[in-house]
Amino acid sequence: MVESSRLRVVIVGAGPRGTSLLERLLARYATGTGEQRLEIHLVDPYPAGPGHVWRTDQSRLYLMNTPSFFPTLIPDHGLSARPLTGGSFDHWRRNQSLFPDAELSAADVAELRQLDTDGFPSRALYGRYLRSTFTALLDNVPAGARVQVHETTATRIRRGRPTAVGRFVVELANGEELSADNVVLALGHLPARLNAAQQRLADGARKFGLRYWPPAVPNDVDWAAVPGAEPVLVRGMGLNFFDVVGQLTEGRGGRFEPMKEQEDRAASSNGEALNYVPSGREPLILAASRRGAPYRAKAAVATYYPQSVGLRFFTEETVSALAAHGLQPAFDQDLWPLLHRDALWAYYRTLLKVDPSSVERADFLSVLDTILSRPGRGSGWADDVDALVAACVPVSLRLDLLGLARPFAQRTFHTHEEFDAAMETYLQADARACVAGEDDPVKMAIGVLNAGRAVIKILVADGGITGESWLGALRGWFESFVEGLASGPPALRMEQLAALSRAGVVRFVGPDPVFGIDPADGTFTVVSPWVKAEPLRARNMIEALAPANQVLLNRSPLLEGLLADGLARPRIMIAADGEPVVTSGLEVTAPPYRSVGASGRGTEGLYVLGLQLSSTQWGTAIAAESKAQYRSGYRTLQDADQIAADVLAPAVRAVP
């Protein structure tokens, strides 16, 4: 006989996504009249709350990519069931800086005392917030509910027998089995197999006795194994790049110092604010990426989206109007032209604000406004903008929006030293632009792109974009373009990288690098077609990126088993040429995102939350935004809330 007095839920993954779901389950259960007792099991080998990525024992050189005011685990608006406890990271930070909890370390307390609302916390400190919030939830479990944490790995999910308790059985690595009426996959980052190019390098490294570090979560890597005083190739100059560089420099005893007063005065106009004092244990870092340059740093502004600029043309209302007319917009034809207009307006409006003499026509903004406001999606407006700008704006001040992501495109350098000098100039200029904040035209154009990204996330999650546009435009070019501009590190990283270059610790390869292994001398090689010099060589190579978030490349026995057993399948989209393409994430139903099995139907009781929604949502990795301006800012909390409501439907009589 099936026991019906208890509802059993297993959450696989107890990091931020799993904790968000726990919070929503408890909050909703507390608001209803209980028809069943609620039993929640969280399964994760890592500490509940921080999970894998945000562990509290990691180096403080690993910084968050968002300032203190941004992230939250607890909803502050947009959802009906009120939280039982907790608040945003910034709320926690303010409280802890005055009255620190006993479990905080001395390093935690020291960081809290110097961290401002617009500062960038260490990942370890954010992990403390996550753990504190999780603990507070356990202290506020409502009557009738019970929470149990299993610090182990879920290895398989199988269907339960018809006469057994629960629809599923979750097998754990410690030999336990959990019966469950509902299972939620909040898996986060999973280990992944190498792609073909990476595998060739790994195989070659084994053959020639080289050292190769594959993609990894930075805190999982033994950085002490990277030898000092010899070259190491580092592929990728995104966010993980700065983690790698930090561990191989400051992490080895090097330090950054402000320039001496007389030097600082001379350097204030070129952004050289720091000197690097080596420890002597650093390797020579040879940095390479397709762009040839790192992600641009974030501007020093008081809010996530700049206050002085906003979206005029690419708005939620504009996008909704397209849907109301029965149109499923194409990105390149319908959406990008609107966002492009907003970026142009933000750039030239800011340029005229800070330097009215930079444009030779007094009514420039008025004429530009008229052109940009012209209805229709044809290219005529863009041609007219180009003509207006060509007539009125000096070449050095014109906005080349797409060119921002490729600062060295079509430029040839004759030596590595020449390219290093160009990179230092680029880094210093970007650091100055960050300091200028809302007075920098380029940073304001990028700020508009970031706001537009929030609207695109809403559109994608609502199913309002064609598969062809998803594959060919959004994932094909726009994703890497906007990430390189708007997802960068704090400005401090630009200043540090420039100092490392001046100290001779970091050198730059150039755009479009080609990696290989030279069998003649058994070394990794890298060469840029834009730097006319001999290939750079090293016996060590690091992939500065996280493992691929692709369900068919994963090395998770749990997920592999779900695919093999037909309880889940990857999403397939049709490209513009009519060919099917297997995408990165799982196929799911409409919210509350049940996994779609091999039969093509949603699997009742099996839900997906977080990174494995990457083929249904866009930008699944970022945390929820406190006091979010756009709906996409709290989408992850909304997803958790919708799953919680569906799970609890048989357990409570009335949930608001």
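I looked up the contacts of Ser20 and found Leu73, Leu637 and Ala640, leaving aside neighbours within four places in sequence; contact means heavy atoms within 4.5 Å. Ser20 lies in helix α1 (residues 16-31). Ser20 counts as buried because its relative accessibility is 4%; buried means under 20% relative accessible area, exposed over 50% and partly exposed in between, with a 1.4 Å probe and protein chains only.

I note that this is a predicted model, in which local features need pLDDT of at least 70 and side-chain atom pairs count only at pLDDT 80 or more, while totals for chains, interfaces and linings use all residues. Residues are numbered from 1 along each chain as its sequence is written, and side-chain values use heavy atoms, with hydrogens and water left out.

**Ser88**

I then located Ser88 in the loop between β3 (71-72) and α2 (89-98). Ser88 counts as buried because its relative accessibility is 13%. Not counting residues up to four places away in sequence, Ser88 touches Pro71, Thr72, Tyr129 and Ser626. I also checked Ser88 against Glu250, 162 residues apart along the chain, and found their C-alpha atoms separated by 30 Å.

**Nonpolar cores**

I next examined the nonpolar cores, each a set of buried Ala, Val, Leu, Ile, Met, Phe, Trp, Tyr and Cys residues joined through side-chain atoms within 4.5 Å. The largest has 63 residues, and Tyr348, Phe364 and Phe478 have the most contacts inside it. Two or more residues of this core come from each of α8 (316-324), α9 (331-354), α10 (364-372), α11 (380-392), α13 (441-461) and α14 (467-486). Of these, α9 gives the most, with 13 residues. Apart from this core lies another, of 41 residues, among them Met237, Ile285, Phe419 and Ala422.

For Tyr348 I listed contacts beyond four places in sequence, including Phe364, Leu365, Leu368, Val389 and Val393.

**Helices α10 and α11**

I recorded that the axes of α10 and α11 come within 9 Å and cross at roughly 165°. The axes are lines fitted to C-alpha atoms, for helices over the stretch in contact, and angles run from 0 to 180 degrees between N-to-C directions. That angle makes α10 roughly antiparallel to α11, a class that covers angles over 145 degrees, whereas under 35 counts as roughly parallel, 65 to 115 as roughly perpendicular and the rest as oblique. At this packing, Phe364, Val367, Leu368, Ile371 and Leu372 in α10 meet Trp381, Asp384, Val385, Leu388, Val389 and Cys392 in α11.

**Two sheets**

I traced an open sheet of three strands in the order β15-β16-β17, with antiparallel pairing; two strands pair if DSSP finds at least two bridges between them. Its edge strands are β15 (514-518) and β17 (536-538), each pairing on one side only. The twist averages 30° from one strand to the next. Five bridges join β15 to β16 (residues 523-527) in the antiparallel sense, and Gly516 has Thr525 in β16 as its bridge partner. Helix α5 (residues 196-208) packs on this sheet, touching β15 and β16, and its direction makes about 25° with that of β15.

I found a further open sheet of three strands, ordered β5-β6-β7 with antiparallel pairing. β5 (154-159) and β7 (177-180) stand at the edges with a single partner strand each, so one side of each is left without a neighbour in the sheet. Strand β6 (residues 168-172) runs antiparallel to β7, joined by four bridges, and Val169 has Ser179 in β7 as its bridge partner.
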